[in-house]
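Subject: Structure for your review

Dear colleague,

I am handing over the structure below, and I would be grateful if you would read my notes beside it. They begin with the fold and then turn to the contacts.

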Amino acid sequence: MNEHLLAIVGYVIMIIIVYVIAKLARKKRATYEFDERQIHERGIAYQHGFLTVVIGLCFEIILFGASPVIDKDLFANITYAILCLGLVTYAGYAIWHDAYLTVNTKRKSYLIITGAIGILNLGTAIIRLTSGDPIITSGLNFMLGIAFLAIFAIFILKDLIKKDEEDDSEES
Amino acid sequence: MTVKNLRLKAARAALDMSQEDLAKACHVSRQTISAIEKGDYNPTINLCIEICRVLNKTLDDLFWES
């Protein structure tokens, strides 16, 4: 009991320390602002992402509610998949409507980070698979890898389309 | 039904400003200016006022139906 209490206190202290450091670091950085249109679009993106997660979780509950035996790993992996789908829905909508990054954010570095996270996660999952681990144990890595690479792909696609749009808008 | 804001585009072109230039002057993204000109987004009154200030026009000139 004492060990549990100590662990909880430790977590709370850690969260407070991280919060304080983040607050102090934020003051030193330049403020990143979204303009009014971006805020509006991000609100819609959040709605889509949230609804995706809620509907997905409802389906999951119905699916698992009907079965007499619940496989914990399978349940966890399906939950991860739903959460990642919600993330991709939110990010995808926001990116498509030019509301994901602020004017001040460095697009290239963000792209690199997103791609790197995707590749690292997918790489980790593949390595674990090839070393004999069952696929269900590396489910989270797979989901995150696919999600971040999907976000990366949406960025690239948007960049290709945006270039054509910019040329058209200035000509007409 | 989207209605293009051609008056805004004309006023911007008269000052030889690109969408990017106008966006920076109004502290918004280029895509927001593009969306306003295409009629895909209705700006708030504050943004309308800011755009008018930068382009040296009135709200009637750029945004209100004549």
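From the N terminus on, the elements of chain A run α-α-α-α-α, that is, five helices and zero strands, where helices (H or I, at least four residues) and strands (E, at least two) are DSSP runs numbered from the N terminus. The radius of gyration of chain A, taken over C-alpha atoms, is 20 Å, well over the 16 Å that the globule rule gives for 172 residues, so chain A is more spread out than a compact globule; the rule in question is 2.2 Å times the number of residues to the power 0.38. Along its principal axes the C-alpha trace of chain A spans about 65 × 40 × 35 Å.

Please bear in mind that this is a predicted model, in which local features need pLDDT of at least 70 and side-chain atom pairs count only at pLDDT 80 or more, while totals for chains, interfaces and linings use all residues. Residues are numbered from 1 along each chain as its sequence is written, chains are lettered from A and ligands numbered from 1 in the order in which they are written, and side-chain values use heavy atoms, with hydrogens and water left out.

Of the 172 residues of chain A, 27% count as buried, where buried means under 20% relative accessible area, exposed over 50%, and partly exposed in between (1.4 Å probe, protein chains only). Among contacts in chain A (heavy atoms within 4.5 Å) between residues at least 6 apart in sequence, 73% join residues at least 24 apart.

On the interface, chain A brings 11 residues to the contact and chain B brings 16 residues. The area buried between chain A and chain B, meaning the accessible area (1.4 Å probe) that two parts lose on being put together, summed over both, is about 1100 Å², and carbon and sulfur atoms give 45% of this area. Five residue pairs across the interface of chain A and chain B are in polar contact, both residues being at pLDDT 80 or more; such a contact is a pair of N or O atoms within 3.5 Å, and within protein one must be able to donate a hydrogen and the other to accept it, with residues adjacent in sequence counting only if both atoms are side-chain atoms. On the side of chain A that touches chain B, helix H2 (36-66) and helix H5 (139-171) of chain A each supply at least two residues, and H5(A) gives the most, with four residues. The residues of that side of chain A divide into one nonpolar, three polar and seven charged, under a scheme in which Ala, Val, Leu, Ile, Met, Phe, Trp, Tyr, Cys and Pro count as nonpolar, Asp, Glu, Lys and Arg as charged, and the others, Gly among them, as polar.

Between chain A and chain B the count of salt bridges is zero, whereas over all chains it comes to five, a salt bridge being a side-chain nitrogen of Lys or Arg within 4 Å of a carboxyl oxygen of Asp or Glu. One of them joins A:Lys158 to A:Asp98, with the closest N and O atoms 3.8 Å apart; the pair links distant parts of the chain, 60 residues apart, with A:Lys158 in helix H5 of chain A and A:Asp98 in the loop between helix H3 (72-96) and helix H4 (107-130) of chain A. A:Lys158 is buried at 4% relative accessible area, and A:Asp98 is also buried, at 13%. Leaving aside neighbours within four places in sequence, A:Asp98 is in contact with A:Arg37, A:Gln38, A:Lys158, A:Lys162 and B:Gln31.

A:Arg107 forms a salt bridge with A:Asp159, the closest N and O atoms being 2.8 Å apart. A:Arg107 lies in helix H4 and A:Asp159 in helix H5 of chain A, so the pair ties together parts that are 52 residues apart in sequence. A:Arg107 is partly exposed at 25% relative accessibility, as is A:Asp159 at 23%.

In chain B, eight of the nine residues of helix H3 (residues 30-38) are buried, including B:Gln31 and B:Ile33. H3(B) is followed by B:Gly39, whose phi is positive, near 85 degrees.

With best regards
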